[in-house]
Amino acid sequence: MFDAARLRELAEQLVAGRLPVEDFLNRAAAMGIADVGEAQVDVDRARRCGFPEVVYGEGKTVEALEKILAALIAGGADAFATRVSAEKAEALLRRFPQARYNPVARTFRVPLVSPAEGRDIRGIVAVVTAGTSDLPVAEEAKETALWTGADVRFVQDVGVAGPHRLRANLHLLQDADAVVVVAGMEGALPSVVGGFTACPVIGVPSSVGYGANFGGVSALLSMLNSCAANVVVVNIDAGFKGGYVAGLIAKNAARRRQIERDGAAC
């Protein structure tokens, strides 16, 4: 967590002539960074960007993940890691028994607050899947949006092969601040959802599909060519990115509503 008192102290030393300019710049730059050996952990990111740094688990050892998560927790963060295998999660749970692991999403979270406490300002994110095979990506989006503090509605298996299934669930989408739509195959679902909602729709192409799907490239190109004006697209299988952006949109929308309510109450 950024230490404003420490920065003030350094600034006073600089003004008083007790600290050279170069030393002040070096020390100020190092504030908000926790050097754990394998990583330079950005413990100041929540102040700058709204949410803490998120840990990408693939390719990292259990020991490195332990150090990074511990640094985030020490900095006051709700620590969150993606793409964590079941084997790594089992070892991490021994170090962080309060953590929650979603084996489908492969997300590992060490919450700063208890689930009962929640957060003061909440937006609404809907996560929609075209098919059951899209669940791992959709679950990653859901867990990420929950980590951002959003209320999440989860609608699964409503792809375009049975359009009546989407219509039956539209009431869950129409007051959402953002909708994340995960689809493979031809990737048509975000465009359909975009035609029924008045909020940003974040398309997440999944790698689900037969050969001509090209590992999600076909779905990606379909979504990029959407004629629904409210559809934007993230990378293939990027459930985290979809959930993060949706959570940021929802947080800002909820904050605006709160300001409007407080103003009306005056």
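Predicted model: local features only at pLDDT ≥ 70, side-chain atom pairs only at ≥ 80, totals over all residues.
View 1. Is F214 buried or exposed? With a relative accessibility of 61%, F214 counts as exposed, because the cut-off for that word is over 50%.

**View 2. A212, in the loop between β10 and α9.** Here we look at A212, which has its place in the loop between β10 and α9, a helix that covers residues 217–224. A212 has a relative accessible area of 59%, so this residue is exposed. A212 and E186 are 26 residues apart in sequence, and their C-alpha atoms are 9.4 Å apart in space.

**View 3. An open sheet of five strands.** Strands of a sheet pair through backbone hydrogen bonds, and they can do this in a parallel or an antiparallel way. Which kind of pairing do we find here? The pairing is parallel, and the strands follow the order β8-β7-β9-β10-β11. At the edges stand β8 (151–155) and β11 (231–233); each has a single partner strand, so one side of each has no neighbour in the sheet. On average, neighbouring strands of this sheet are turned by 25 degrees against each other, direction ignored.

View 4. Take a look at β7 (residues 124–129) and β9 (residues 178–183), which run parallel and are joined by five bridges.

View 5. Side chains of opposite charge can pair when their charged atoms come close. How many salt bridges does a search of the whole structure find? The search finds eight, and one of the pairs is D78 with R109, whose side chains meet at 2.7 Å, N to O. D78 lies in the loop between α4 (62–74) and β4 (79–82), while R109 lies in strand β6 (residues 107–110). The pair links distant parts of the chain, 31 residues apart. Both D78 and R109 are buried.

View 6. Begin with D151, which forms a salt bridge with R122; their closest N and O atoms are 3.2 Å apart. D151 is in strand β8 and R122 is in the loop between β6 and β7, so this pair ties together parts 29 residues apart in sequence. D151 is partly exposed, with a relative accessible area of 38%, and R122 counts as partly exposed at 32% relative accessibility. Next comes R153, whose side chain meets that of D175 in a salt bridge (2.5 Å, N to O). R153 belongs to strand β8 and D175 to the loop between α7 (163–167) and β9, and the two are 22 residues apart. R153 counts as partly exposed at 23% relative accessibility, as does D175 at 45%.

Note on methods
Residues numbered from 1 in each chain as written. Heavy atoms only, no water. Pairing = 2+ DSSP bridges. Helix = DSSP H or I, 4+ residues; strand = E, 2+ residues; numbered from the N terminus. Axes fitted to C-alpha atoms, helices over the stretch in contact; angles between N-to-C directions. Buried < 20%, exposed > 50% of the residue type's maximum accessible area, 1.4 Å probe, protein only. Salt bridge = Lys/Arg side-chain N within 4 Å of Asp/Glu carboxyl O.
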